[in-house]
Amino acid sequence: IGLEFISRGAAFVDFVDSDRHNYEQFRYNLEPFYAQIEDKFRFWHGKLRWMLEQVEGSKRWDVIWLDPPFIKMPRDELSDLLTQRRAKLFVLHYDKQGAPAYDQLLERAKNDYTLAYQRQFGVSTVTILVIR
């Protein structure tokens with residue numbers, strides 16, 4: 001998704017993934033055109049919490065696309081991102097098991113974000129929140 005953002009003109013994209021295989025595959029897939037986009041992204045290999053500790057505390061993003069492994073949903077990090085208003089738009093992808101936790105987070109975020117879209121696809125749900 002981040003590469004699609006870059007291809008559509010995004011100034012910069014932060015990728016975060018804790019899986020070593022995903023990181024190595026990403027680097028391999030970029031080899032043919034790495035030189036053309038190397039100044040447009042940063043790949044963080046580690047946990048979301050670690051990445052957030054590394055970036056400037058007041059950093060804001062236009063879009064945060066969160067699609068974690070369903071069993072490892074970073075609740076605390078997401079809560080911080082929402083309550084600190086760190087993005088103009090959030091895209092959240094989760095499954096039925098994670099839905100109660102996401103519902104609690106969405107309830108907390110309702111003063112700062114508007115629910116723009118929500119749809120269930122099989123066992124997955126996609127939710128889009130826009131800052132007020």
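This is a short tour of the structure above, stop by stop, with something to select at each one.

**Before you click**

You're looking at a predicted model, where local features need pLDDT of at least 70 and side-chain atom pairs count only at pLDDT 80 or more, while totals for chains, interfaces and linings use all residues. Residues are numbered from 1 along each chain as its sequence is written, and side-chain values use heavy atoms, with hydrogens and water left out. Helix and strand names follow DSSP runs numbered from the N terminus (helices are H or I, at least four residues; strands are E, at least two).

**Stop 1: the largest pocket**

Select Asp14, Phe15, Val16, Trp65 and Leu66. Of the 38 residues that line the largest pocket, these lie nearest its centre. A pocket here is an open set of points on a 1 Å grid over the protein atoms alone, with protein on both sides within 12 Å along at least five of seven lines; a cavity is a set where a 1.4 Å probe fits but cannot get out, and lining residues have an atom within 4 Å of a point. The pocket holds about 1300 Å³ of space, a volume being the space filled by probe spheres set on the points, which are joined across faces, edges and corners.

Now colour by element. At least two lining residues come from each of α1 (2-7), β1 (13-17), α2 (20-30), α4 (48-54), β3 (61-66) and α5 (75-83). Which element gives the most to this lining? That's β3, with six residues. By type, the lining splits into 23 nonpolar, 11 charged and four polar residues (nonpolar: Ala, Val, Leu, Ile, Met, Phe, Trp, Tyr, Cys and Pro; charged: Asp, Glu, Lys and Arg; polar: the others, Gly among them).

**Stop 2: Phe12**

Move to the loop between α1 and β1, where Phe12 is found. Phe12 has a relative accessible area of 36%, so it counts as partly exposed (buried is under 20%, exposed over 50%, partly exposed in between, with a 1.4 Å probe and protein chains only). Leaving out residues up to four places away in sequence, Phe12 touches Asp39, Lys40, Phe41 and Arg42, a contact being heavy atoms within 4.5 Å.

**Stop 3: Arg49**

Next, pick Arg49 in helix α4. Arg49 is partly exposed because its relative accessibility is 28%. Show the side chains of Asp76, Glu77 and Asp80, which Arg49 touches when residues up to four places away in sequence are not counted. Glu77 is one of the buried residues of α5, along with Leu78, Ser79, Leu81 and Leu82. Together, the buried residues of α5 pack against α4, β3, β4, α6, β5 and β6.

Just after α5, stop at Arg85, which takes a positive phi of about 55°. Arg85 sits in the loop between α5 and β4 and is partly exposed, with a relative accessible area of 31%.

**Stop 4**

Select residues 99-109, helix α6, and pick out the buried ones: Ala99, Ala101, Tyr102, Leu105, Leu106 and Ala109. These cover an arc of only 155° around the axis, so they lie on the same side of α6 (the arc is that of the directions from the helix axis to the C-beta atoms). Their packing partners are β3, α5, β4 (87-95), β5 (113-121) and β6 (124-131).

Now for the largest nonpolar core, which has 22 residues; Trp61, Leu78, Leu81, Leu82, Phe90, Leu92 and Leu129 touch the most other members. A nonpolar core is a set of buried Ala, Val, Leu, Ile, Met, Phe, Trp, Tyr and Cys residues joined through side-chain atoms within 4.5 Å. Two or more residues come from each of α4, β3, α5, β4 and α6, and α6 gives the most, with five. Centre on Phe90 and show what it touches, not counting residues up to four places away in sequence: Ile64, Leu78, Leu81, Leu82, Tyr113, Thr127, Ile128 and Leu129. A second, separate core has eight residues, including Val13, Phe26, Ile37 and Phe43.

**Last stop: the cavity**

A search of the whole structure turns up one cavity of 30 Å³ or more. Select Ser79, Leu82, Thr83, Leu105, Arg108 and Ala109 to see its lining.
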